[in-house]
Amino acid sequence: MSVALKSWRANEGPKHLIVMLWVAANVFLFWRTFALYFSGAQYYYLHEMLGLGLCISRASASVLNFNCSLVLLPMCRSLLAFLRGSQRVTGRHVRRLLDKSKAFHAACGVTICVFSAVHVSAHLVNMVSFSARYSEDFPALNVAQYRGQDPRILIISTVPGVTGVLLVLVLFLMFTASSYCIRVSSYEIFWYTHNLFIVFYIILMVHVAGGTLKYQSNVETHQPGCSHVNLSSWTNHEAAGEKGAELPSAPQTVCQEEARFQPHFPQTWLWVSAPLCLYCAERLYRFIRSSAAPVTIVSVVSHPCDVVELRMLKSGFKPRPGQYILLNCPSVSSFENHPFTLTTCPTGKNETFGIHLRVLGDWTSRFSQLLFQKSNSSEILPMMHQRIYPTVHVDGPFGSPSEEVFNYEVSLCVAGGIGVTPFACVLQALFDDWRRYKLRRLYFVWVCRDLQSFYWFADLLCGLHEKLWRDNRPDYLNVQLYLSNTQELQSIGEERYRFLSSRLRIGRPKWKLLFREVGRANQPKRVGVFCCGPKGISKALHALCNSNPHTGTAFEYNKESFS
């Protein structure tokens, strides 16, 4: 039980702590702003006119300011990569928290959408109140030009109203296009609509500068509710207009001067400016970095199951195993950048780096056509006969959970199909020099539907196995291959792949048995579990890591996810 609690604390504790702090900050901002506008002396007359609509609209605006400033930070990829790579700056637990940046970005985005709906609803009520409760005593406080003015006219005739409608439309497009089904079926729609955030922030800056809501600036010389020679006909009208309502008691003080009102300085500018400038500077840095050094495509290889291997060369490019890049091909799309895990990193002997991409979707289809446009051949073309490939730009490298594989003594890597790519670079690094890392035992589980998929990295797996045997470490690598498609029983028949054939099993892994085996063999160590594959596998592994029943062995869950 204590080990299971230890595993849960390692996997969920920091994440839940951050979420609790974030929720607490949102609640605090909402309540503090609500209370300020409900009972603040400077908002007395405005609150008398608008009621709870004022308090809710401003409280929700505070939450929106907070989350609009936070939502950009998880997308500063270069900053996150720097923090991940700085062992002195961040420990392993903090680096694992950085891997949740995409989830935090999504949480902030959903919060923005929810409180935008609250904010808009409250302001619709405010527009009605501005029209119905027009103040003749304080003309500067009014938005309506006369009592009973159509609230729809107020929306389309004011800067906050028009920009508010535009913000709702932009936010609706961004939110709906961010759904999982659209991201999977048409990544291009997600990409282009999500980049409307630039338009969103520009309109937001204009929206908050409208100055519709005003506060009283001379509370000291005009105490709210004081008596005046021109006693509030607006207050009397409101009191008399409601049956059964008690008339307010006569004020005890006399006003020294007329109430003066003025709009606030836009608080949103203070909240958003620093994160927005940081994000823009980071994007500019990435653009300069990706454009400065040219990328040369060295070779292209066509693999089974519509997978293409791309080998490239870039001066000064020094990624770490487990990292990923963003690939841009202007001939396909000038603006789209797609993430791909590095399957080969530059070494002292070979300066090229490589990726494996699966042809699935419009972008990868067009890109692969450009790579093979003049030849149907699938072999590697020698450099002297190399045809002209399309121009590509590489942005990165960026950190991912797979970098942590080397920081455990025992790691369990689980891949589903093309999800093997993060671990291919890890295997390649071990093949180059496994002794330089802390890792002393690696369990590698690969599940595929098609037998041909195992050939993507068959040579690498067999080569690493033979190297470890020569180094007298046969127990270093434990490979388990699963063919989930049981309709056609097949086997790897080539003699040079005999090792893989002996590790091939038909069906799906029995995860509980696997965890029991790993747990018993590695007591009382801490095992790093890494997954890149379908949600079903990910959920099963995550649950087993948190409910580990094996005494003395703690499992720390790491999920590969590109942001």
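Visitor: Which residue is the bridge partner of L326 in β8?
Guide: That's D395. Keep in mind that you're looking at a predicted model.

Visitor: What makes β5 and β8 count as paired strands?
Guide: Pairing takes at least two bridges, and four bridges join β5 to β8 (residues 393–398). Four meets that mark, so the two strands pair. They run antiparallel.

Visitor: And how many bridges link β5 to β6?
Guide: Four bridges, and the sense is antiparallel again for β5 and β6 (residues 338–344). Look for L326 in this pairing too: the residue opposite L326 in β6 is P339.

Visitor: Why is β5 described as largely enclosed?
Guide: Count the buried residues in β5 (residues 324–328): five of the five are buried, so the rest of the structure largely encloses the strand. Y324, L326 and N328 point one way, I325 and L327 point the other way, and all are buried.

Visitor: Why is R286 called buried?
Guide: Buried means under 20% relative accessible area. R286 comes out at 6%, so it counts as buried. You'll find R286 in helix α13. Leaving aside neighbours within four places in sequence, the residues in contact with R286 include L326 and D395, the pair from your opening question, along with F398 and M75.

Visitor: What about Q216: why does that residue count as buried?
Guide: Its relative accessibility is 2%, and the cut-off is under 20%, so Q216 counts as buried. Q216 is in strand β1 (residues 214–216). Setting aside residues up to four places away in sequence, Q216 touches a list that includes A41, Q42, Y45, H222 and F261.

Visitor: What makes the side chains of Q216 and N218 a polar contact?
Guide: The limit for a pair of N or O atoms is within 3.5 Å. The side chains of Q216 and N218 make their polar contact at 3.5 Å.

Visitor: Why is C345 called buried?
Guide: Its relative accessible area is 9%, and anything under 20% qualifies, so C345 is buried. C345 sits in the loop between β6 and β7 (353–358). Residues C345 touches, not counting those up to four places away in sequence, include P319, F353 and C425. Here's one for the sequence view: C345 and Q428 are 83 residues apart there, but 8.2 Å apart in space, C-alpha to C-alpha.

Visitor: What makes β9 and β10 a pair?
Guide: At least two bridges are needed, and β9 (residues 410–416) and β10 (residues 441–448) have seven, in the parallel sense. C413 stands opposite F444 in β10.

Visitor: How do you know which side of α18 the buried residues are on?
Guide: Start with the list: W511, L514, F515, V518 and G519 are buried. They cover an arc of only 125° around the axis, which puts them on the same side of α18. K512 and R520 are exposed, on the other side of α18. Among the elements covering the buried residues are β9, β10 and α19.

Visitor: What makes the buried residues of α11 line one face?
Guide: Those residues are F197, F200, Y201, I203, L204 and H207. They fall within an arc of 165° seen down the axis of α11, so they line one face of the helix.

Visitor: Which elements have the lowest and the highest mean pLDDT?
Guide: Helix α12 (residues 233–240) has the lowest, 45, and helix α3 (residues 52–70) the highest, 94. Over residues 230–251 the pLDDT is below 50. For the protein chain, the mean is 84, and 89% of its residues reach 70 or more.

Technical notes. Residues numbered from 1 in each chain as written. Predicted model: local features only at pLDDT ≥ 70, side-chain atom pairs only at ≥ 80, totals over all residues. Heavy atoms only, no water. pLDDT = per-residue confidence, 0-100. Contact = heavy atoms within 4.5 Å. Buried < 20%, exposed > 50% of the residue type's maximum accessible area, 1.4 Å probe, protein only. Polar contact = N/O pair within 3.5 Å; in protein donor to acceptor, adjacent residues only side chain to side chain. Arc of directions from axis to C-beta.
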